[in-house]
Amino acid sequence: MATEQVLVEERMEREAYAGVLRFYELAKKQEWQVRDMPWGDLPPIPETKGAATKVARRRDMWRSVIMQQLQADELACEMSSQLLNIAPDYEAKLYYSTMVQDESRHTEAWLKLAAEVGGEGERDPYLDELAHMTLEADSVEEKVFQMQVFYERLIISRFRLIARASRGTILEDLCNRLTTDDGIHHGAGMAYERVLLQGASKKTKQTLVDAANRLLPTFVDHALWRPKARAFIGRAMQARDLERLKEDLEIGVRLAQSLGLDVTDVQLPV
């Protein structure tokens, strides 16, 4: 009877990971290849007419957009590889095996697209700093929350904005593909974080809040940073950027609350 009870308890415990496994299966089903994209059939970025200086300026602007996403996915390769190595549960390891492939494929696509528009551009120093904060976080719970629950959720809306502004281009096609992939990443992260936090101590949960307070000021710097190629747009869009930043932070708070975290001590810097 004791053995039978243990087996039942183990089965019920593993059933908590069913959500993670559903996203694992979905990730495999949605997998695509860079060669599937319409290279040569569509322009890489929106085409601009007019004086050579105007064309060059717009091209540099779009190149900076591509560079920031390339940088983000290069860093995501490191973070997802780390999660694959340290996740304690085999269901999560299965999922992270697909996420590593996704982020590697995204990086390949951004590299190819960057080459078509003149190469890489200026890096966002705050994005590098955020990534290292996540890579150096002490617990799996922190890493999953920061990367999948928070960052992956926010980038989806960015991809939609870029896609709407680049109709009929390779850039739009790529952003639409990544919107789907990152939606899966976010969903899997939410499912896994719920399991991780179910039996977590109050101390463990508090470390997530403490980590958020350390991370948020740098996140604000990242959200408002613009490379030189987009500085003129940054000035014109400052009010909208601040509004979007506030929305992003509020989304983060709601996500934390939905996972049962006490966000009373979170200090929003905006």
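An axis here is a line fitted to C-alpha atoms, for helices over the stretch in contact, and angles run from 0 to 180 degrees between N-to-C directions. The structure is a predicted model, in which local features need pLDDT of at least 70 and side-chain atom pairs count only at pLDDT 80 or more, while totals for chains, interfaces and linings use all residues. Residues are numbered from 1 along each chain as its sequence is written, and side-chain values use heavy atoms, with hydrogens and water left out.

Two helix pairs come first. Two packed helices are described by the angle between their axes and the distance between the axes. Helices (H or I, at least four residues) are DSSP runs, numbered from the N terminus. The axes of α2 and helix α4 (residues 90-116) come within 9 Å and cross at roughly 25°. That angle makes α2 roughly parallel to α4, a label given to angles under 35 degrees. The crossing of α2 and α4 is left-handed, meaning that the near helix is turned anticlockwise from the far one by less than a right angle. On the α2 side the contact (heavy atoms within 4.5 Å) is made by Val20, Leu21, Phe23, Tyr24, Ala27 and Lys28. Their partners on α4 are Glu91, Ala92, Leu94, Tyr95, Ser97 and Thr98. By class, this contact has 8 nonpolar, 2 polar and 2 charged residues. Here Ala, Val, Leu, Ile, Met, Phe, Trp, Tyr, Cys and Pro count as nonpolar, Asp, Glu, Lys and Arg as charged, and the others, Gly among them, as polar.

Helix α2 (residues 18-29) also packs against helix α7 (residues 170-198), with axes that come within 8 Å and cross at roughly 165°. The two are therefore roughly antiparallel to each other, the term for angles over 145 degrees. This crossing, too, is left-handed. Gly19, Val20, Phe23, Leu26 and Ala27 of α2 make the contact with Ile184, Gly187, Ala188, Ala191 and Tyr192 of α7. These residues divide into 8 nonpolar, 2 polar and no charged ones.

On a 1 Å grid over the protein atoms alone, a cavity is a set of points where a 1.4 Å probe fits but cannot get out, and a pocket is an open set with protein on both sides within 12 Å along at least five of seven lines; lining residues have an atom within 4 Å of a point. Grid points are joined across faces, edges and corners, and a volume is the space filled by probe spheres set on the points.

The largest pocket has a volume of about 1,100 Å³. It is lined by 36 residues, and the closest to its centre are Gln68, Gln69, Arg158, Ile162 and Arg230. At least two lining residues come from each of α3 (52-86), α5 (125-135), α6 (140-165), α8 (202-224) and α10 (238-258). The lining has 23 nonpolar, 3 polar and 10 charged residues.

The whole structure holds 2 cavities of 30 Å³ or more. The largest cavity, of about 240 Å³, has 19 lining residues, with Phe145, Leu208, Ala212, Leu216 and Gly252 the closest to its centre. The largest share of this lining, 6 residues, comes from α8. By class, the lining has 16 nonpolar, 2 polar and 1 charged residues.

The second largest cavity has a volume of about 30 Å³ and is lined by Met79, Gln82, Leu83, Thr134, Lys143 and Met147. α3 gives the most to this lining, with 3 residues.

Notes:
Parallel < 35°, antiparallel > 145°, perpendicular 65-115°, else oblique.
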